[in-house]
Amino acid sequence: MAVIIFVIVASLISVALATPGTATFYTSYVPSACYGNQNNGVMIAAASDPLYGNGGICGKVFNVTCTGPTNPVPHPCTGKSVVVKIVDHCPGCGGTLDLSREAFATIANPVAGIIKIDYHQPSHDDSSGKSFIVQQWSSMWNKVQSEVSGTHQPRCTTALHWGE
Ligand SMILES: *[C@@H]1O[C@H](CO)[C@@H](O)[C@H](O)[C@H]1NC(C)=O
């Protein structure tokens, strides 16, 4: 029973983490707002103003999936998803994420230029969320068990020995 509830809660959490948005691409990667002249490879992205904030998103990793066209280019999505690291800021960017051309081409036809996406923190972050719930469940369960089995002794037992 607890396992079933856990699975339901865990899947609700993964669904809640996927956020819809749009993505464009860019081609000049260095220097970047987060890392200056440091090269971070090509599986990277720049965050639009609302996401970038004061730069706290730098280094965060997102799993990005193409969900459909935003313009008349039909069926742009390849069906793949791509994991990118945020390395830059895209001031005034119309889309949510500005992907490297390589990352964009992995999930969609670059001719489309701008696409609809879903993005979320990938599985290693998902699993830390799940193990937190496991911890909550097991500490709750231990409490129930110790109360039922009577191993949860009241702390005032020494007071019973006052007459010795
Ligand atoms: C990215 O997300 C998709 C589904 O949204 C999933 O199929 C894929 O395994 C994920 N990839 C990683 C590396 O987490």
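**A six-stranded barrel with mixed pairing**

Six strands close into a barrel in the order E1-E5-E2-E4-E3-E6, with mixed pairing. From one strand to the next the twist averages 50°, where axes are lines fitted to C-alpha atoms (for helices over the stretch in contact) and angles run from 0 to 180 degrees between N-to-C directions. Strands (E, at least two residues) and helices (H or I, at least four) are DSSP runs numbered from the N terminus, and two strands count as paired if DSSP finds at least two bridges between them. This is a predicted model, in which local features need pLDDT of at least 70 and side-chain atom pairs count only at pLDDT 80 or more, while totals for chains, interfaces and linings use all residues. Residues are numbered from 1 along each chain as its sequence is written.

The pLDDT, the predictor's confidence in each residue on a scale from 0 to 100, averages 81 over the protein, and 64% of the residues score at least 70. Residues 125-130 fall below 50, and this stretch has five contacts in the model beyond near neighbours in sequence; a contact here puts two C-beta atoms, placed from the backbone, within 7 Å.

Now for the pairing itself. E2 runs parallel to E4, joined by five bridges, and Ser-48 stands opposite Cys-90 of E4. With strand E5 (residues 97-100), E2 pairs in the antiparallel sense over three bridges: Ala-47 has Leu-97 as its bridge partner, and Ala-45 stands opposite Leu-99. E2 is mostly covered, five of its five residues being buried; buried means 20 or more other C-beta atoms within 10 Å of a residue's own, exposed means 12 or fewer, and partly exposed is in between, with C-beta atoms placed from the backbone.

Asn-63 takes part on both sides, standing opposite Val-83 in E4 and opposite His-120 in E6.

The largest one has 28 residues, of which Ala-45, Val-64, Val-84, Leu-97 and Leu-99 touch the most other members. Two or more residues each come from E1, E2, helix H2 (49-52), E3, E4, E5, helix H3 (101-107) and E6, and E4 gives the most, with five. Val-64 shows how these elements meet: leaving aside neighbours within four places in sequence, its contacts are Ala-23, Ser-81, Val-82, Val-84, Leu-97, Leu-99, Ile-107, Ile-117 and Tyr-119.

Most residues other than glycine have a negative phi, and most peptide bonds are trans. Between Val-30 and Pro-31, however, the peptide bond is cis, with omega about 0°; Pro-31 lies in the loop between strand E1 (19-26) and strand E2 (44-48). His-75, not a glycine, has a positive phi of about 45°, and is found in the loop between strand E3 (61-69) and strand E4 (81-90). His-75 is exposed because 11 other C-beta atoms lie within 10 Å.

Terms used:
A nonpolar core is a set of buried Ala, Val, Leu, Ile, Met, Phe, Trp, Tyr and Cys residues joined through C-beta atoms within 7 Å.
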